[in-house]
Amino acid sequence: MEPVPSTQVPLGGMSLDEDTRWLEWVTKQFESIAGEDKEIDLDEFKTALKVKESFFAERFFTLFDSDGSNSISLDELLKALNLLIHGSETDKLRFLFQVYDVDGSGSIDPDELRTVLKSCLKESAISLPEEKLDDLTLALFESADKDNSGSITFEELKAELETFPEVMENLTISAANWLKPPDLDQKKRPTPRYLTRTYWHNNSRKLLFLCLYSVLNLLLFIMNMMQYAYGGPWLMLAKGCGICLNLNCTFIMVLMLRRCLTWLRATWIVRILPLDQNILLHQMVGYAIVIFTVAHTMAHVMNFITLTQADDSYQLWEYLLTTRPGIGWVKGTASITGVVLQVLICLMVVCSSTFVRRSGHFEVFYWSHLLYIWVWVLLIVHCANFWKWFVAPGVIFFVEKLVGIAVSRMGGLYIVEVNLLPSKVTHLVIKRPPFFQFKPGDYVYINIPVIAKYEWHPFTISSAPEQQDSMWLHVRSMGQWTNRLFEYFRQSDSQAMSNKRLTASLRNRRHETRNQEDLFKNMNDNGTVASNEDVAVELTLYRVNRARCASEKPHVDPTVQAELGEAPSATREICAKLSENHRYCNIKCYVDGPYGTPTRQIFASEHAVLIGAGIGITPFASILQSIMYRYRMRKQNCPNCNYSWCETIKDNEMKLRKVDFIWINRDQKSFEWFVSLLTKLEMDQADEEPEGRFLEMHMYMTSALSKNDMKAIGLQMALDLLAKKEKRDSITGLRTRTQPGRPDWGKVFKKVSEEKKGKVHVFYCGSPALAKVIKAQSEKFGFNFYKENF
């Protein structure tokens, strides 16, 4: 088939100059791979296309290798790419059909289709049972085989694809697009979002606060400089920075008064001050402290150099490292304490960097941050006036700490159940004391002495406040402490039982021997001759029933406690194993909190969009449960029939009219964390509402090939067909269909905007990099954006 010349139809709408530049780029890339022989073999082809599963690489390579030489020349590659880009819709469909027609017979049989779909699943990192793969194959095959001939012809495949309009559109994305140079995808550089009216409108509180903060620092700096004008420019600079340090070293503490900020979130002040940005402001003030500290120190050094030049009574090192010059209000220690403060502040900032906190070394950040106590002590000694700035907020801060210690020690808190989930997530169930009240989305600091006696770590509460008896935490293993937690519960069962293993084993064996004798006796007394096989069956049923009864107990079996030699209130683990990854236990822990987050604004919203990335679903798990609890409270049932509906009236507790929940996961196993919860939420909405669904869920799996990838077309069609047939998604088991790849945020927010359910608030928890993308897109539509920070 003759390809359409590239001069007739430019690539993807590009100009002729761009088309020519693209061809030159492809040629250059090919030559760098091909080497001296000017041809590429199958291995080089796989490397170039970065294809995980060799099936598709081999099929593409075979179709590109027009002369059957087991290598591809530049002419063969350009001819094939030109066909896929500039060819007609039928040409592209023909190529796809040839990929699926493995034996080249001119038709696709079920086994060929199954082979293709199996390769698609491997490419997408989706694991399904063989039976489910058969179901997928049959769903697509039966739908496409219109004449029931037992094979799919090209015309039948074309007819089937035409029933999926978006698939036809995606056929324009072919193997050629994998070779597109990055600069061709770049459009005209947009206006920086910081200069747009939308950004200033959505961030007005934060920007106004930063302006006031900057003006206050500037005024203090100028006033103190003028006061010390007699000492020369270096002394003026040092004193100006010094007064700013007094302000900022106090203000940085105010931004971390968590209990006060949690209380203020429930007042009108939240509409004026950017309370939800306290972590961001805390970081910005920290960087300001570093800048002022460096400038303050260097200015004093330069001033000391000036003094040594004017008077040789003291050397420079004496000014910096001794108390002889008598500088400072506490026995001349200003210089020494200043040097130590410079080191401590720089160390704290470096250890607080994102690289340290996000790279599995949270403990480094945690312990280094405790140096703030020594920083405040040294500041009081270093500066004569710092205590005046510090005394009021310092008292509040230490009262908060004392209250936190008292609250965390009140009542007996125990981890009563543990479930080890995929991707090393530890689900902790903590017995909730009666006095512990929290809001959906709140977080707590938890201390587990058996893991680390003095470490406290923050985690979002993933259960709803309406769940009175227990509180859930989901902990992702990403650092030293979280990994120790997971490994402790993974290994604790075998360690706890090791001391009494022989005793328990002997007891069980004697118990089963007695049961066996009783069975023989009972069966023979009934006039039947009991064989060993009969007794084995009865014993098996007995064990099954006993295991089932044990798994239904909501507490630790006293027999197990006796075997372990521990009391229920012991601080060490008491464990009753239910399954490989699920067990009851009794472990002492301490909880400090709860503390509020930006998600407290959700019930004041009309249309909420909840976006969780990976384990970032945890705050929304609590929120969704609470929302659906309130939703059920509004639900009405007709006494004469099965019809049910939900009242749409608004109240002070919940103004929500619509909730869109978006969960983005890297792999299939991660969906298992909360799939049971999401299933319950779907069941709660089994009845259609007059105004549409109150809660809509959207699942995305980033490891799966997106719909604009030619290799994924067949799999996505099969998954769609089987989901319609079974009314359940094959990947998660939910009714909501899991979408491959990443969301197109522009399309997502456009759809949300078109629903017109009221003011939209976007709540996000997850990767900081993705947060920037979502925030920029939400601002374009005028949505309010909130990010979980603690």
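**Exposure and burial in a predicted model**

Visitor: Why is Trp-329 called partly exposed?

Guide: In this predicted model, Trp-329 has a relative accessible area of 46%. Buried means under 20% and exposed means over 50%, with partly exposed in between, so Trp-329 is partly exposed. The residue is found in the loop between helix H15 (316–321) and helix H16 (334–351).

Visitor: How do you know that the buried residues of H26 line one face of the helix?

Guide: The buried residues of helix H26 (residues 675–684) are Leu-677, Leu-678, Leu-681, Glu-682 and Asp-684. Seen down the axis of H26, they fall within an arc of 155 degrees, so they line one face. An α-helix has 3.6 residues a turn, so residues three or four places apart point the same way.

Visitor: Which exposed residues does the face of H26 turned away from its buried side carry?

Guide: That face of H26 carries Lys-680 and Met-683. Exposed means over 50% relative accessible area.

Visitor: What percentage of the protein chain counts as buried?

Guide: Of its 790 residues, 49% count as buried. The protein chain exposes about 40600 Å², of which carbon and sulfur atoms supply 58%.

Definitions and conventions: Residues numbered from 1 in each chain as written. Predicted model: local features only at pLDDT ≥ 70, side-chain atom pairs only at ≥ 80, totals over all residues. Heavy atoms only, no water. Helix = DSSP H or I, 4+ residues; strand = E, 2+ residues; numbered from the N terminus. Buried < 20%, exposed > 50% of the residue type's maximum accessible area, 1.4 Å probe, protein only. Arc of directions from axis to C-beta. Areas by Shrake-Rupley, 256 points an atom, 1.4 Å probe, with all protein chains shown as cover.
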